[in-house]
Amino acid sequence: MIPQSFVQELLSRVDIVDVIERYVPLKKSGANYFACCPFHGEKSASFSVSPSKQFYHCFGCGVHGSALGFLMEYSGLGFVEAVKELAAQVGLQVPDDGRNASPQDDSSERLYEAMGLAARFYREQLKPARRAIDYLKRRGLSGEVAARFGLGYAPDEWQALQKVFPDYQAKTLADAGLVIDNDQGRRYDRFRDRIIFPIHDRRGRIIAFGGRILDKGEPKYLNSPETPLFEKGRELYGLYLAQKPIRDEGFVVVVEGYMDVVALAQYGIANAVATLGTATTPQHVHTLLRQTDRVVFCFDGDAAGRRAAWRALENALESLRDDATLAFLFLPTEHDPDSFVRAEGADAFRKAATAATPLARFLIEELRSRHDMDAAEGRAAFVHEAMPFVNRISAPLLRLQVIKSVAEASGLTQAEVEHALGLPAPARRDRPPRRPEPQASPPFDDTPHPAFAGKRRREGTFRPRPAGRRKPPSTAGTLLRLVLQHPTWAARMPVDLIPSDSPEGLALIAIIDLLSLGEPIPAGGLGALIERFRDTPHGETMSRVAAELVDAEFDEAVVEILFEDSLRKLHADSLANEIANLLQQDREHGLDAAGRHRLGELLLEKRELSNASKVSDL
């Protein structure tokens, strides 16, 4: 386990701007740096990096974190791997306190090494394999594209890998899925006489292989089994190479086969990925929507292609967002993506992808095709079948649009469909609502408090505004926002006054406890403080509040006053609660002498606090 003190020292030494700029070009605007978000497709710069807070936040997709968190998110690293990579960038040696050391780390490294050696062997076997070369040429692939994807060839031998792995009986080979042990205890290579497609993780490490048969036979494609490195339902072939093209093109194309990905790349369409012998899973959709806000599923136009598209639709419903589009491209029945792009060209494929059928339209059209919409029974069955799909759509505005489409297709009103779906009817209004009276903007509301004055909107940046006025934060919420900016102020807060009935209050108590135990406040800015509480019950609360503060600028004189006012309010709330409890006891059972004395003390303390507050306002 890496000591927490080292993580904090590391974050104090790195500059988040330098770290992120290695991967994303940043442009300074005011106090912060901005870029188009690397985690979702966009054309305006909503990704903000604060050097003073050492924290990043995207106002479009909501992703946020420290320099360490960025490496984990961008490169797909685990916590330990990200710490090691960040430490290497600043020349620090990562210590280990010896606790909870995991033997899995060493075994994983052995698996990665084995996969790398096997991949090199397969690549070396491709050049002298005339049949394999002829096959790739017939499919229209150039040597440059074959090299870019690391294509190889598995010789038609039972134990070819023994040439590169002298210890052919090693457990690592079986754990990596490179060999098979039969019932008689005989071991042989999993891949034989096949074109080999290496499968990479988001860091570019080889985690599995796919093998395509050269002649006729079954299975046409053979994949690595599930291993400690590889889970089919989470990985996508070609994603490592496609990440930049996806951002450049603004969308991703999802196809069914390795050869489709490689063939599209041969024609300049590099933003394609493929599932790995499985139907599209919710994890696939989630991964893709972190890369871009437009996903085009490309399937053959036959019945099998439409079935695959329907499975993709079903698995995507819970992952949909109102700012993202999932669409379906059905090719002519005689074509797959490989043959289509070779016959019609890249421009025709791009044009077809642009005109792909949006998910909502495909959903309605497919359900309509299953029923006789000219009959009342057919329309009723149509609505009945649509209900579970509509209820699973996670994007609220898209869900509303689909409800309207179901109503229009069935001849029902929107209200009738919503009633059938079990949705509550909207509240009736007998008269127009009154215009609300102007109110002072509470601190940390959508309108900046004077303490946080500064340009929250800059030219060329995207700042989505909420549909309505945000609920003003509680006193504990306000104090948490202030303490995240000035952690040492936590020492001035009486822990017994902090309410423990909210996530913000509990997070405040955790910071106070940190100081009371003598642990130093992290010196690496807001990002380092958030990292200190990673994987604790308070981490998500602090991270969420920090994201709200990343683009705020502070008037320190006013912030100090706000902090003192908030402490007084905490004190006043505590007094009020205790007074109310004593008065309740007096009404129900009467107070003894000690209770009446305590009530008098509290009332006097409340009066003095009120007078002090009036003086401070002068």
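This is a predicted model: local features need pLDDT of at least 70, side-chain atom pairs count only at pLDDT 80 or more; totals for chains, interfaces and linings use all residues.
In helix α10, M259, D260, A263 and L264 meet P337, D338 and V341 of helix α13.

**The α10 and α13 pair**
- Helix α10 covers residues 258-266 and helix α13 covers residues 337-344; their axes come within 8 Å and cross at roughly 25 degrees.
- Because angles under 35 degrees count as roughly parallel, α10 is roughly parallel to α13.
- The handedness of the crossing between α10 and α13 is left-handed.

**Strands β2, β3 and β4**
- Strand β3 (residues 47-50) runs antiparallel to strand β2 (residues 32-35), and three bridges join the two.
- Across that pairing, F34 stands opposite S48 of β3.
- With strand β4 (residues 55-58), β3 pairs over four bridges, again in the antiparallel sense.
- Here S48 stands opposite H57 of β4.
- β3 and β4 form a hairpin with four residues between them, and Q54 in the turn has a positive phi of about 55 degrees.
- In a regular strand, side chains alternate between the two faces of the sheet.
- In β3, F47 and V49 point one way while S48 and S50 point the other way, and all of them are buried.

**Cysteines without a disulfide**
- Searching the whole structure turns up zero disulfides.
- C37 is in no disulfide: its nearest cysteine sulfur belongs to C58, 3.6 Å away, and a disulfide needs the two sulfur atoms within 2.5 Å.
- C37 counts as buried, since its relative accessibility is 4%.
- C61 is likewise in no disulfide, with the sulfur of C58 as its nearest cysteine sulfur, 3.7 Å away.
- C61 has a relative accessible area of 31%, so C61 is partly exposed.

**Around G505**
- Is G505 buried or exposed? At 0% relative accessibility, G505 counts as buried.
- Which residues does G505 contact, leaving aside its neighbours within four places in sequence? G505 is in contact with A476, I498 and P499.
- G505 and H538 lie 33 residues apart in sequence, with their C-alpha atoms 9.8 Å apart in space.

Terms used. Residues are numbered from 1 along each chain as its sequence is written. Side-chain values use heavy atoms; hydrogens and water are left out. Buried means under 20% relative accessible area, exposed over 50%, partly exposed in between (1.4 Å probe, protein chains only). Contact means heavy atoms within 4.5 Å. Two strands pair if DSSP finds at least two bridges between them. Axes are lines fitted to C-alpha atoms, for helices over the stretch in contact, and angles run from 0 to 180 degrees between N-to-C directions. Angles under 35 degrees count as roughly parallel, over 145 as roughly antiparallel, 65 to 115 as roughly perpendicular and the rest as oblique. A crossing is left-handed if the near helix is turned anticlockwise from the far one by less than a right angle, and right-handed if clockwise.
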